[in-house]
Amino acid sequence: MFPLGTVLMPGALMPLRVFEDRYQQLLDEVIEAAEPFGIVLIERGFEVGGGDQRFAIGTEAHLVGVGDLEDGHRGIVIRGGRRFRVAEWLADDPYPRAEVEFLDEPAGFMPDVDGAEAAIRQSHALMSELGHDLGLDEIEVPDDPVVASWLLASLCPVGPLDAQEILASEDASVRLQLIRELADDQSALCRMRLGGG
């Protein structure tokens with residue numbers, strides 16, 4: 001397990017700098033075994049040093065790139081896989097470990113992909129007016145509502161706690177509704193800033 005201050009969404013890419021000895025060891029073992037590891041959001045505490053409290057729902061991380069950095073650390077790129085729920089935390093020796101149960105990915109009842117996509121595009125357009133160009137024009141949303149929900153989740157302009165709520169959504173329908181609401185909230189904030197309010 002690799003507890004972080006950010007959320008990894010299924011399907012999303014994330015770069016990381018690995019510098020603590022315990023996570024260097026985890027990385028060595030992941031590379032040797034060619035197996036994924038887990039990412040969970042830290043609920044209380046810090047990324048460095050241990051002693052943190054963690055959320056129970058996280059994401060499987062697949063290693064897609066590794067490079068040595070000049071300072072002796074390593075840079076890695078991971079891609080989010082399946083979601084899981086921690087069934088039991090084990091001893092943090094030599095690094096955080098847990099027993100997990102993987103979660104199903106139902107589509108839910110009448111997922112509103114179009115509504116969530118429109119809300120995301122609107123929030124990104126307004127953020128662009130504020131000088132934050134996020135390059136959304138090049139993104140094509142797939143037809144599969146579950147895959148689409150995770151893509152839109154990775155594009156939703158929210159902080160870690162809102163992202164964790166998205167990650168914990170029971171199905172794509174609930175997830176897309178939450179994404180739409182959060183993106184609409186972000187749009188409202190952007191309009192206030194653009195209006196000088």
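Modeller: Let's start with a term we will need: a salt bridge is a side-chain nitrogen of Lys or Arg within 4 Å of a carboxyl oxygen of Asp or Glu. Keep in mind that this is a predicted model.

Colleague: Happy to. What makes Arg82 and Glu60 a salt bridge?

Modeller: The closest N and O atoms of Arg82 and Glu60 are 2.9 Å apart, and the cut-off is 4 Å, so the pair qualifies. The two residues link distant parts of the chain: Arg82 sits in strand β6 and Glu60 in strand β5 (residues 57-68), 22 residues apart.

Colleague: And why is Glu60 called buried?

Modeller: Its relative accessibility is 7%. Buried means under 20%, so Glu60 belongs there.

Colleague: How many salt bridges does the structure hold?

Modeller: Nine. One of them joins Arg54 and Asp92, with the closest N and O atoms 2.6 Å apart.

Colleague: Why do you say that Arg54 and Asp92 tie parts together?

Modeller: Because Arg54 lies in strand β4 (residues 53-54) and Asp92 in the loop between β6 and β7 (98-102), parts that are 38 residues apart in sequence. Arg54 has 14% relative accessibility, so it counts as buried. Asp92 has a relative accessible area of 35%, so it is partly exposed.

Colleague: What about Glu20 and Arg22: buried or exposed?

Modeller: Glu20 is buried, with a relative accessible area of 15%, and Arg22 is buried, also at 15%. Their side chains meet in a salt bridge of 3.2 Å, N to O.

Colleague: Which residues form the negative surface patch?

Modeller: Glu165, Glu181, Asp184 and Asp185. Helix α5 (residues 172-194) gives the most to this patch, with three residues.

Colleague: One more, about strand β2. What makes β2 and β6 a pair?

Modeller: Six bridges join strand β2 to strand β6 (residues 74-89). A pair needs at least two bridges, so these strands qualify. They run antiparallel, and Leu16 stands opposite Ile76 in β6. Strand β2 (residues 13-18) has a covered face of Met14, Leu16 and Val18, while Leu13, Pro15 and Arg17 make up the uncovered one.

How values were computed:
Residues are numbered from 1 along each chain as its sequence is written. This is a predicted model: local features need pLDDT of at least 70, side-chain atom pairs count only at pLDDT 80 or more; totals for chains, interfaces and linings use all residues. Side-chain values use heavy atoms; hydrogens and water are left out. Buried means under 20% relative accessible area, exposed over 50%, partly exposed in between (1.4 Å probe, protein chains only). Helices (H or I, at least four residues) and strands (E, at least two) are DSSP runs, numbered from the N terminus. Patches are made of residues with over 30% relative accessible area and no salt bridge: like charges are joined within 9 Å, nonpolar side chains (Val, Leu, Ile, Met, Phe, Trp, Tyr) within 5 Å. Accessible areas come from the Shrake-Rupley method with a 1.4 Å probe; for residues, only the protein chains shown count as cover. Lys and Arg count as positive and Asp and Glu as negative; His and the chain ends are not counted. The place of a charge is taken as NZ of Lys, CZ of Arg, CG of Asp or CD of Glu.
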